[in-house]
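Have a look at the fold first, then read on.

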Amino acid sequence: MPSFNFFKKKDKDISKLNNKKSGAGAGVANSTIPIVQAQDNKITIEDAVKELEKSEGRITKNLLINMEKTFEDTNLAFQHVNTIAEDLDAEVINTEEEKLMPLVQNTKNTIVRALKRESSNILPIPKTFEEFIKFRDAVEASINRFGEVTSSHSRIVNTFMKKHANSLRGELKRISDSSEKLNDEYDHITEERKMIEHCRSNLLSMHSKVDEINKTNITIKNLDQEIRQLKEEKDRREKEINSIKSSSDYGKCLKYLQEKEEIDKKRKKSINELYEISNRLTKAANKYSYGLSRGTVEKIDTIVNKPSEIVSKPDMSEYITLLKEIKESVRSNKIVLKDSKKVLQYFDMLIDELPKFKAEIKELDSRVDRLKDKDKIAVLDELKRKEEERKEEERIIMLENQRKDETTKQKIELEEQMISTTRDIEDQIHKLCRKKYKIIIPPE
């Protein structure tokens, strides 16, 4: 506002917030009260919250006490503005130019109404922080409205109302200065209240962190117990396995398994030899298969590709007969082969080997049957079952140990967070209460 430049917003001096006097407007955290070291400086979370509430009350109380003169001076300035408005209303303004009289008179009436309206209500002295905010907001709103009316009619005020202009300017400047003090103190106490609220929030969150840590301790304890029981079970299983392996029955089983393995090797060797012979007959068999019935083609396929299955047939004669027929076709050149002489030899070998192979397999199977013993099989089954149980127990132990490691890591992280949060809270309480406390963490 050009005519009342004190209405212009002034840049806030940061030093005012950081270098408060101990007199008017000084906050608790920046007072000259010496730091108090409590004799018994250990307090619980609940006691720390109460200390913050006391600090918050002291900060507000000191604010209201230190700003009391500012409140009174502001109201006094409003009363003076009201008196100036009354005087201005009673004054008769003369102007040499008759045509300007209506404009001047209307402007005077507008200004008088505005000044009276804004200065007629005496603001109650704040008793709480909320009332302080209302007082500050009301003063700032009045300044804005004073500024609107004086700036829009500044030429007429300075030309025709000089007698009151300086007085009005002085009172409005007092109100403007008071508004700055109110805003500075509001910013200062708001920062302290934010610190208190942040500290209170940290204190309240500590209970949940303690609960989380306690839960991890219980989980770790339960996992230790479970792992211990699993290891005991695994050790018992190990003893049972060793007991089975040291028994005479198990020795017999090992001998049985060894003999059976030898028989299986002989059987496999015989089957491989049979397949080596039958594979030599593939070309002749394929040529012979042209135009034959599906059943005959399947028999030829069994002879060439799965000769070992022939021994399980009740009657081998039809396969032997079929082999002889294919051989005769090769011998009579109905089936033309480059190495027909060698192929004919393989036909003779397979015709000769199939009965021998059947007899040999039958003998080997008979030996396996003779080796079989229900008790031996039962011991092996029992051993296999216990070894599988031990393997499963080892797997579960590994998983539970992983869970324990993860939970322990989580616990360490929570404890580190707890230490950091506790340190922050202690520093904040020190700044706010000017006392050095040690927060007691609740026991598990």
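## Helix 9 against helix 11

Let's start with a crossing: helix 9 and helix 11 pack with their axes 10 Å apart, at an angle of about 95 degrees. That makes helix 9 roughly perpendicular to helix 11 (angles of 65 to 115 degrees count as roughly perpendicular, under 35 as roughly parallel, over 145 as roughly antiparallel and the rest as oblique). Axes here are lines fitted to C-alpha atoms, for helices over the stretch in contact, and angles run from 0 to 180 degrees between N-to-C directions. Helices (H or I, at least four residues) and strands (E, at least two) are DSSP runs, numbered from the N terminus.

Which residues of helix 9 meet helix 11? They are Ala284, Ala285 and Tyr288, and on the helix 11 side sit Leu322, Glu325, Ile326, Ser329 and Val330; contact means heavy atoms within 4.5 Å. By class, this contact of helix 9 with helix 11 has six nonpolar, one polar and one charged residues. Ala, Val, Leu, Ile, Met, Phe, Trp, Tyr, Cys and Pro count as nonpolar, Asp, Glu, Lys and Arg as charged, and the others, Gly among them, as polar.

## About the model

This is a predicted model, where local features need pLDDT of at least 70 and side-chain atom pairs count only at pLDDT 80 or more, while totals for chains, interfaces and linings use all residues. Residues are numbered from 1 along each chain as its sequence is written, and side-chain values use heavy atoms, leaving out hydrogens and water.

## Helix 10 joins in

Helix 10 has contacts with both of these helices. The axes of helix 9 (residues 282–289) and helix 10 (residues 294–305) come within 10 Å and cross at roughly 180 degrees, so the two are roughly antiparallel to each other. Thr282, Ala285, Tyr288 and Ser289 of helix 9 make the contact with Val297, Ile300 and Val304 of helix 10. Sorted by class, those residues are five nonpolar, two polar and no charged.

Helix 10 also packs on helix 11 (residues 317–331), at an angle of about 90 degrees and with the axes 10 Å apart, which makes helix 10 roughly perpendicular to helix 11. From helix 10 come Thr296, Lys299, Ile300, Thr302 and Ile303, meeting Glu318, Tyr319, Leu322, Leu323 and Ile326 of helix 11. That contact has six nonpolar, two polar and two charged residues.

How far apart are the end C-alpha atoms of helix 3 (residues 68–90)? They are 33 Å apart, which agrees with the 33 Å that its 23 residues should span at 1.5 Å a residue (the expected span is 1.5 Å times one less than the number of residues). Buried residues in helix 3 include Phe71, Phe78, Ile84 and Leu88. Thr70 lies in helix 3 too, and it is buried, with a relative accessible area of 6% (buried means under 20%, exposed over 50%, partly exposed in between, with a 1.4 Å probe and protein chains only). Leaving aside residues up to four places away in sequence, Thr70 touches Ser178 and Lys181.

Asp427 belongs to helix 13 (residues 374–433) and counts as partly exposed, at 41% relative accessibility. Its C-alpha atom is separated by 9.8 Å from that of Lys438, eleven residues apart along the chain.

## The whole chain

Zooming out, the chain has 13 helices and two strands. Of its 444 residues, 36% count as buried. Among contacts with a separation of 6 or more, 84% come from residues 24 or more positions apart.
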